[in-house]
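I set out below, in order, what I looked up in this structure.

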Amino acid sequence: MKNSSQITTRINDQLIVIEGEKAFVPLANFLRNDESLTGTKIVCAEGDCGACTVLIAKDVGPDGKLSFKAVNSCILPLYLIDGAQVVTVEGVGKSSGMNVDLHEVQSKMIDCNGAQCGYCTPGFICAMAGMAEKFKSENKTITEKSAKNYLTGNLCRCTGYLPIIDAMMSVDLNKTELLKDRYHSVAWISEMKRIRSTTVEMKFSDKSIFLPSKLSEALEAKATEPDFRMVAGSTDIGVVVNKGKLSTPKTMALYHIEELGKISHDNNFITVGATVTLTEFEEYVETHLPEMSKLLHIFASPQIKNQATLIGNVVNASPIADTIPFLLVSDAAVELQSSKGSRDVVLKDFYTGYKKLNMDPSEIVTKIRIPVLQKNEKTRLYKVSMRKDLDISAVTFAARIVFDGKKMSQVRIALGGVAATVIRLGDIEKSLIGKDFSESLFENAATSLDQYISPLSDLRASKEYRMLVARNYFKKFANEIGGEL
Ligand SMILES: Cc1cc2nc3c(=O)[nH]c(=O)nc-3n(C[C@H](O)[C@H](O)[C@H](O)COP(=O)(O)OP(=O)(O)OC[C@H]3O[C@@H](n4cnc5c(N)ncnc54)[C@H](O)[C@@H]3O)c2cc1C
Ligand code: FES
Ligand code: FES
């Protein structure tokens, strides 16, 4: 099949073709400046406030209809929406001429007085429409808790959240016309599939965008041009680019490669592909890795998780990344592929220093393999941040113990936010292995922590606070496990 040299997307009812360097522009800027769709606002330009929320469907759901999810368009470059359907706030209600039929979420926002200055309202409306889309499709009931969870990615500085939560809770899903029905088009869905299976190669002066549809093409390109910057969901990269601290002139994204978008499971491993989003992972692990799923409930916001990938979190290698402590204590391994072959690297050996990886520039992370839980093991993951939702951690903790009766036959403990990388506490682990569980052992381990870590102070927390939290994690863990045993 011939390669494409353009990005093709549908925004509300319009088919849009993007050529040249414009493909680097964030979707929010394009909507406002090129399409005059100024309902989408830009406030923080770093994924934090939700004012730029739009709905995106990159795939179809089990019913063969568009699967819409809310995302932050300010950190989403246009080259990441090839073959996607976008719905902006202008396309949530149904308009014909001067008449607008409001969407159920818009009517309820008015009924409940959910807007004062209205600047944040379009973002809330899109997030609310995304929630209605999911809950009606999955026959779920909107509760106060679920409404709050779905709206954690949207900030409002003047109305106050109660009327907005009330609006969401009073949405009548029976009266809600789903966007996946309104925007359903067999012809467009088949065109989307065609676009998603076509390789895109755009070259202009010293810049290029490459969206391979086959892994072999990606590996070949990385072999000849190792300086290709990989971009997955762009929730880390997009922020740094918007701040002017990084430019990505040669960019490769893998979302056209179907095999990398899958999660699979056998008796030994859960295997997650490079383009699997954190929302997809969170839903999958709800039954298989419940502790991980619980932690992901307080990871960023729905908008971020709908776009961000697990592999992006792993490769970004932040010492405060939330998924890494669990992956470290699970002995998860990344699969690295290059044109020369494939190798698995366990996470313990993947991080070699602050944001330094055991990975060659010609390699791509294609998958991560997470060993399945054993029957007789106990795992806990903790995160402390300045606020519970939509905040990056100050200190994280993961512990996994395999029991043989009361005896701890395997012990793995990791801490994040206390060193240049997330670290395993090998010496403490060794001191516990083979012993019968007791809370006092963990209290002693907590007391000895200053021999093994020396946290730093930064804007998230002081070193004293970090040390105290790390010690308290040990006590909390021992107390919870002791109670269960
Ligand atoms: C508002 C906000 C809140 C956030 N909250 C949290 C939080 O609570 N906890 C947390 O841990 N993080 C948080 N983050 C950080 C970020 O969302 C995560 O790290 C996310 O998982 C990154 O995934 P991504 O797909 O967007 O990665 P990208 O930004 O696309 O890429 C991240 C890095 O991975 C590399 N990369 C991606 N894919 C590959 C590949 N296949 N092969 C080789 N390299 C690759 C890229 O080159 C880049 O260096 C937050 C970010 C924002 C903006
Ligand atoms: S403008 Fe704040 S999240 Fe996009
Ligand atoms: S209504 Fe003014 S910021 Fe929300």
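I count a residue as buried if 20 or more other C-beta atoms lie within 10 Å of its own, as exposed if 12 or fewer do, and as partly exposed in between; the C-beta atoms are placed from the backbone. The model is a predicted one, in which I required pLDDT of at least 70 for local features and 80 or more for side-chain atom pairs, while totals for chains, interfaces and linings use all residues. Residues are numbered from 1 along each chain as its sequence is written, with chains lettered from A and ligands numbered from 1 in the order in which they are written.

**Entry 1: Leu80.** Is Leu80 buried or exposed? I found 27 C-beta neighbours inside 10 Å, so Leu80 counts as buried. Leu80 sits in the loop between strand E4 (69–72) and strand E5 (85–87); strands (E, at least two residues) and helices (H or I, at least four) are DSSP runs numbered from the N terminus. Leaving aside neighbours within four places in sequence, I noted that Leu80 contacts Ser234 and Ala253, a contact being two C-beta atoms, placed from the backbone, within 7 Å. I also looked up Leu27, which is 53 residues from Leu80 along the chain; their C-alpha atoms are 9.2 Å apart.

**Entry 2: the domains.** The chain is divided into domain 1 (7–186) and domain 2 (212–373), with bounds from an automatic or database domain assignment. Their centres, taken over C-alpha atoms, are separated by 26 Å. Domain 1 brings 20 residues to the contact and domain 2 brings 15. On the side of domain 1 that touches domain 2, E4 gives the most, with four residues.

**Entry 3: ligand 1.** I counted 31 residues around ligand 1, of which Gly47, Ala232, Gly233, Gly312 and Asn313 come nearest; the criterion is a C-beta atom, placed from the backbone, within 6 Å of the molecule. Among the elements giving two or more residues to this shell are strand E10 (229–230) and helix H13 (310–316). H13 supplies the largest share, five residues.

**Entry 4: helix H2.** In H2 (residues 104–111), I list Glu104, Val105, Gln106, Lys108 and Met109 as buried. Their cover includes helix H3 (121–137) and helix H5 (161–169). After H2 comes Asn113, with a positive phi near 55°.
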